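The sequence and the model are shown first.

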Amino acid sequence: MTNEEPRASAPEVIAGLGGTLSKGARVRAVAALVVGVAGAVFVGALWWTEPGPLPVLTQLAFGLLMLVCLAWAAYGTWLLRSRIPLFATDRVVAAWIGLTASVLVGGLLIGTVAQRGTGTWGAVAAVAVLVVVSTVLVVRAHARRAALLRREQALSGDDPSPGAPR
């Protein structure tokens, strides 16, 4: 059985995807933006209303949490403004935000718990789990993006033969 329909090129397929994000992607982008801004406002309000001077590590913790919240708000804004198919770039960016937040906040948590001298192993185990999960998500996001880019090359006919210089 032969398909008589003409095959669309990669640019035609990409153009057919539309210039806007899907409903689900828009909802995720708005959620990231709103939760990021709300988190930044909440953490900022807590920090600002503290009755007395805070220890340096506590101030650092508030600052890092504000940065994490603002990073998610910036991510949501970027998604909403791009309005084009991102070929999994959005997942790569989100995974890196998650890994960075896990490492920074986890390091601060371990430092704080170590300073107190109790519960250090529990904090280390919890941070290790978060960092491992975040790392797996980064690797998966990069693999998905690479697969989509390979597929785009194959559809456009720009697929280089094995051994050809790139």
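How many aromatic pairs does the count come to? In this predicted model, the count comes to three aromatic pairs.

**A stacked pair between two helices**

Trp-47 and Phe-62 form a stacked pair, with 5.7 Å between the ring centres and 10° between the planes. The 10° angle is under 30 degrees, so the pair counts as stacked. Trp-47 lies in helix α2 (residues 23-48) and Phe-62 in helix α3 (residues 56-82). The two residues are 15 apart, and their pair links distant parts of the chain.

Trp-72 and Tyr-75 form an edge-to-face pair, 5.5 Å centre to centre and with 85° between the planes. Because Trp-72 and Tyr-75 are three residues apart in helix α3, about one helical turn separates them. Ring pairs also bring in Trp-78: Trp-72, Tyr-75 and Trp-78 are linked into a cluster.

**Accessibility of the paired residues**

The relative accessible areas of the residues in the two pairs described above are listed here.

| Residue | Relative accessible area | Class |
|---|---|---|
| Trp-47 | 31% | partly exposed |
| Phe-62 | 13% | buried |
| Trp-72 | 26% | partly exposed |
| Tyr-75 | 10% | buried |

Terms used. Residues are numbered from 1 along each chain as its sequence is written. This is a predicted model: local features need pLDDT of at least 70, side-chain atom pairs count only at pLDDT 80 or more; totals for chains, interfaces and linings use all residues. Side-chain values use heavy atoms; hydrogens and water are left out. Rings of Phe, Tyr and Trp (its six-membered ring) pair if their centres lie within 6.5 Å; planes under 30 degrees apart count as stacked, over 60 as edge-to-face and the rest as tilted. Helices (H or I, at least four residues) and strands (E, at least two) are DSSP runs, numbered from the N terminus. Buried means under 20% relative accessible area, exposed over 50%, partly exposed in between (1.4 Å probe, protein chains only).
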